[in-house]
Amino acid sequence: MPEKRAMAYAVALDSKIYVFGGTTDTEGFFAECFDINQKIWAPLPNPPFASHIDPASISYPIVLDSPRSRLLVHFESNDSLYAYYMYDKRWRLLKEDFGLWTGKPSVIVDDVLYTLDSFDFDYWFSTRYNRCSSRAYDLVENKPLPTKWLSPFEGRLHFKTHLFHIGSGNLCLVWLDYNGLKFIKFSVTKNCGEVHAIGDSESATFVPIEADDCRFFLP
């Protein structure tokens with residue numbers, strides 16, 4: 001690689017690998033692209049504000065928005081959400097004050113970006129648990145959407161909860177809990193300008209695991 005990077009974030013599309021972050025060298029490339037067929041590295045253009053931030057401030061994950069041939073990139077230095085258009089090689093500001101990006105898997109379902117806001121203490125909290133709500137952002141109208149749970153599920157979720165898309169409009173929250181993991185599946189629909197979430201049960205399902213270490217990975 002032209003740039004030395006440690007723990008960088010990568011996304012692949014159309015035989016190209018896009019690599020972000022993993023460096024604090026302000027004189028180096030902000031991000032790079034590797035063409036698998038031609039075996040050539042090429043730098044990506046810097047975002048408009050690159051001179052004002054630390055390149056290491058890129059938040060995880062980088063989300064692939066395939067229908068629009070773009071990548072969604074969050075910068076924790078100013079909580080902004082940008083889109084990088086891969087074919088046009090240009091940046092566009094989507095939301096200047098997007099808010100906290102928790103570093104957990106984020107998914108796109110029916111043109112809505114779902115992330116987790118796991119540090120909101122407005123409702124449930126204790127020394128181990130916080131309210132872990134699902135945040136929604138409309139990628140067509142480019143605006144946040146209010147979310148509302150329409151099911152009786154009111155369990156407390158661990159602040160290290162992960163979000164996964166399991167097909168169609170179905171999502172799943174998963175988190176480690178003592179000697180196992182807990183999960184709850186739910187469906188999401190957009191209705192009258194807000195997202196409605198309906199869980200498939202009133203409480204989370206517990207699955208025991210006999211292991212010293214457990215980590216979640218997107219398929």
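Analyst: The following dialogue treats the chain as a whole, then a sheet, then aromatic rings. This is a predicted model, in which local features need pLDDT of at least 70, side-chain atom pairs count only at pLDDT 80 or more, and totals for chains, interfaces and linings use all residues. Residues are numbered from 1 along each chain as its sequence is written, and side-chain values use heavy atoms, with hydrogens and water left out.

User: How many helices and strands are in the chain?

Analyst: The chain has zero helices and 19 strands; these are DSSP runs numbered from the N terminus, with helices being H or I of at least four residues and strands E of at least two. Of its 219 residues, 44% are buried, meaning under 20% relative accessible area with a 1.4 Å probe, protein chains only.

User: What order do the strands of the open sheet have?

Analyst: Strands of a sheet pair through backbone hydrogen bonds, either parallel or antiparallel. Here two strands pair if DSSP finds at least two bridges between them. The open sheet has four strands in the order 5-6-7-8, with antiparallel pairing. Its edge strands, each pairing on one side only, are strand 5 (63-65) and strand 8.

User: How many bridges join strand 7 to strand 8?

Analyst: Five bridges join strand 7 (residues 80-85) to strand 8 (residues 90-95), and the two run antiparallel. Across this pairing, Leu 81 stands opposite Lys 95, and Tyr 84 opposite Trp 91. The hairpin has four residues between the strands, and Lys 89 takes a positive phi near 55° there.

User: How is a pair of aromatic rings described?

Analyst: A pair is described by the distance of the centres and the angle of the planes. Rings of Phe, Tyr and Trp (its six-membered ring) pair if their centres lie within 6.5 Å; planes under 30 degrees apart are stacked, over 60 edge-to-face, and the rest tilted. The structure holds nine such pairs. One of them, Phe 75 with Tyr 82, is edge-to-face, at 5.8 Å centre to centre and 85° between the planes. Another, Phe 98 with Trp 101, is tilted, at 5.7 Å and 50°; both of these residues are buried.

User: Why does Phe 75 count as buried, and which residues do ring pairs link into a cluster?

Analyst: Phe 75 counts as buried because its relative accessibility is 0%. Ring pairs link Phe 20, Phe 75, Tyr 82, Tyr 84 and Trp 91 into a cluster.

Terms used:
Buried means under 20% relative accessible area, exposed over 50%, partly exposed in between (1.4 Å probe, protein chains only).
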